Amino acid sequence: MASVRGGQAGIGDPGLDDLCLAAPAAVRVDGMSTTKIALVTGANKGIGKEIARQLGRLGMTVLVAARDEGRGRAAAEELVAAGIDARPVPLDVTDPESVATAAKLVEREHGRMDLLVNNAGIVADGDREGAATVETFQRTYATNVVGVLTVTRAMLPLLRKASEPGVVNLSSELGSIATLSDPNGQWAGVRLYAYNSSKAALNMVTVMLANELRADGITVNAVSPGYCATDLNGHQGYRTPEQGAADAVRVATRPDRATGGFHGEHGPLPW
């Protein structure tokens, strides 16, 4: 995995406890506010809200992007009550017009974006072996793959205005072809055809964006938060949203500026 703007690839990921020292939240960019600006999609609940909370604790201004404007506002208010600088941003990743409007809002209010976390994702009803329909695939890919690319493209002009911009895509170990190729592996029996393949596609998009944006100094990485108890799986996971969020925050703020990687709880994951 290569590094962007100096640093060495392969350096161990810092723990969350080290982030306040390893990743200061303030930088000066063209006379604008020194506070880093982070936008998190699907941030009204679950892992997304916890990512926003943890980034906010590091001193960043977090933009709580949510498809439902009321839920996004409520989540932002909860974070503000906890002492975090949080602002709601209405954003439906499957609606290009909504994405464009959100980008204009960020441009008008903040002038740039330091970090984009593409967290929004779905598991569609009926997504299982032998039952996933064309509509199931279309709905899943619209959010998990096309939505990520749409949001990232729209926010690139803002990211290019930051001094150390980064993009983190929330993926899944279920998208690891190497992992699921083992018929005796832990996840071989999880046959979510649309979801699993969408995360494999997202991993490829991550690599392609990392290669494309390396010269611009924009890091792009994929993170699997692990099997977290969220609405996505009926709260059956053995990890908490806080734990899953910590993995994303760790990668988003790693000081070595590495790019083009796929990371999990214990470090790099196989593609």
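**Helix packing and a parallel strand pair**

Helix α2 (residues 46-57) packs against helix α8 (residues 241-252) at an angle of about 60°, and the two axes lie 8 Å apart. This angle makes α2 oblique to α8. The crossing of these two helices is right-handed. On the α2 side, the contact involves G46, I47, E50, I51, Q54 and L55, which meet P241, E242, G244, A245, A246, A248 and V249 of α8. By class, the contact of α2 with α8 consists of 8 nonpolar, 3 polar and 2 charged residues. The structure described here is a predicted model.

Helix α4 contributes P96, V99, A102, A103, V106 and E107 to the contact, and helix α5 contributes T150, V151, A154, M155 and L158. The residues in the contact of α4 with α5 comprise 9 nonpolar, 1 polar and 1 charged.

Strand pairing was examined for β3 and β4. Strand β3 (residues 61-66) runs parallel to strand β4 (residues 86-90), and 5 bridges join the two. Within this pairing, A65 has V89 of β4 as its bridge partner.

Key. Residues are numbered from 1 along each chain as its sequence is written. This is a predicted model: local features need pLDDT of at least 70, side-chain atom pairs count only at pLDDT 80 or more; totals for chains, interfaces and linings use all residues. Side-chain values use heavy atoms; hydrogens and water are left out. Contact means heavy atoms within 4.5 Å. Helices (H or I, at least four residues) and strands (E, at least two) are DSSP runs, numbered from the N terminus. Ala, Val, Leu, Ile, Met, Phe, Trp, Tyr, Cys and Pro count as nonpolar, Asp, Glu, Lys and Arg as charged, and the others, Gly among them, as polar. Two strands pair if DSSP finds at least two bridges between them. Axes are lines fitted to C-alpha atoms, for helices over the stretch in contact, and angles run from 0 to 180 degrees between N-to-C directions. Angles under 35 degrees count as roughly parallel, over 145 as roughly antiparallel, 65 to 115 as roughly perpendicular and the rest as oblique. A crossing is left-handed if the near helix is turned anticlockwise from the far one by less than a right angle, and right-handed if clockwise.
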